[in-house]
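Student: I have a model open on my screen and would like to learn how to read it. Could you walk me through it?

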Amino acid sequence: RYPVGPELVSRDHVSLRVWAPDHAAVEAVVEGRPTRLQAEGDGHFSAIVRAHPGARYGYRLPGDAQVY
């Protein structure tokens, strides 16, 4: 498992992981579809999402409409 970032786990699923210790929540937006990431308790957030190689994704923080 990668420390952070996207990792292909099957033909149509990607593991996303980000480190955001100053935030209580993080949302991934993949091809316009938002998914709340699960807190791991050490500042990391992650989820396995439906996505294909080359899919556009970003992260959104609470209270911020911008996708980074």
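Tutor: We will go from the whole chain to its strands, and then to a few residues. This is a predicted model, in which local features need pLDDT of at least 70, side-chain atom pairs count only at pLDDT 80 or more, and totals for chains, interfaces and linings use all residues. Residues are numbered from 1 along each chain as its sequence is written, and side-chain values use heavy atoms, with hydrogens and water left out.

Student: Where do I begin? How many helices and strands does the chain have?

Tutor: Begin with the definitions: helices (H or I, at least four residues) and strands (E, at least two) are DSSP runs, numbered from the N terminus. Here the chain has zero helices and seven strands, so its elements read β-β-β-β-β-β-β from the N terminus on.

Student: And why is the chain called as compact as a globular protein of its length?

Tutor: The idea is to compare the radius of gyration, taken over C-alpha atoms, with a globule rule of 2.2 Å times the number of residues to the power 0.38. For this chain the radius is 11 Å, close to the 11 Å that the rule gives for 68 residues, so the chain is as compact as a globular protein of that length. The C-alpha trace spans about 30 × 25 × 15 Å along its principal axes.

Student: What share of the residues is buried?

Tutor: Buried means under 20% relative accessible area, exposed means over 50%, and partly exposed lies in between (1.4 Å probe, protein chains only). By that rule, 35% of the 68 residues count as buried.

Student: Now the strands. Which of them form the open sheet?

Tutor: Two strands pair if DSSP finds at least two bridges between them. Four strands form an open sheet in the order S1-S2-S6-S5, with antiparallel pairing. Its edge strands are S1 (5-10) and S5 (38-39), each of which pairs on one side only.

Student: How many bridges hold these neighbours together?

Tutor: S1 and S2 pair over five bridges in the antiparallel sense, and a hairpin joins S1 to S2 through two residues. For a landmark, look at Leu8, whose bridge partner in S2 is Val14. S2 (residues 13-19) also pairs with S6 (residues 44-50), over seven antiparallel bridges; there, Val18 has Phe45 in S6 as its bridge partner.

Student: What about S3, which strands does it pair with?

Tutor: S3 (residues 27-30) pairs with S4 (residues 33-36) over four antiparallel bridges. Four bridges also join S3 to S7 (residues 57-60), again antiparallel.

Student: Which residue has a positive phi in the turn between S3 and S4?

Tutor: First, the general idea: most residues other than glycine have a negative phi. S3 and S4 form a hairpin with two residues between them, and Glu31 in that turn has a positive phi of about 50°, although Glu31 is not a glycine. Glu31 is partly exposed, with a relative accessible area of 40%.

Student: Is His44 buried or exposed, and what does His44 touch?

Tutor: For touching, the rule is that contact means heavy atoms within 4.5 Å. His44 lies in S6 and is buried, with a relative accessible area of 15%. Not counting residues up to four places away in sequence, His44 touches Pro3, Val4, Arg17, Val18, Trp19, Gln38 and Ala39.

Student: Trp19 is on that list. Where is Trp19 placed, and is Trp19 buried or exposed?

Tutor: Trp19 is in S2 and is exposed, with a relative accessible area of 52%. Leaving aside neighbours within four places in sequence, Trp19 is in contact with Val4, Asp42, Gly43 and His44. Trp19 and Val4 are 15 residues apart in sequence, yet their C-alpha atoms are 6.9 Å apart in space.

Student: One more, then: what is Tyr2 in contact with?

Tutor: Tyr2 sits in the segment before S1 and is partly exposed, with a relative accessible area of 45%. Setting aside its neighbours within four places in sequence, Tyr2 is in contact with Glu7 and Arg17.
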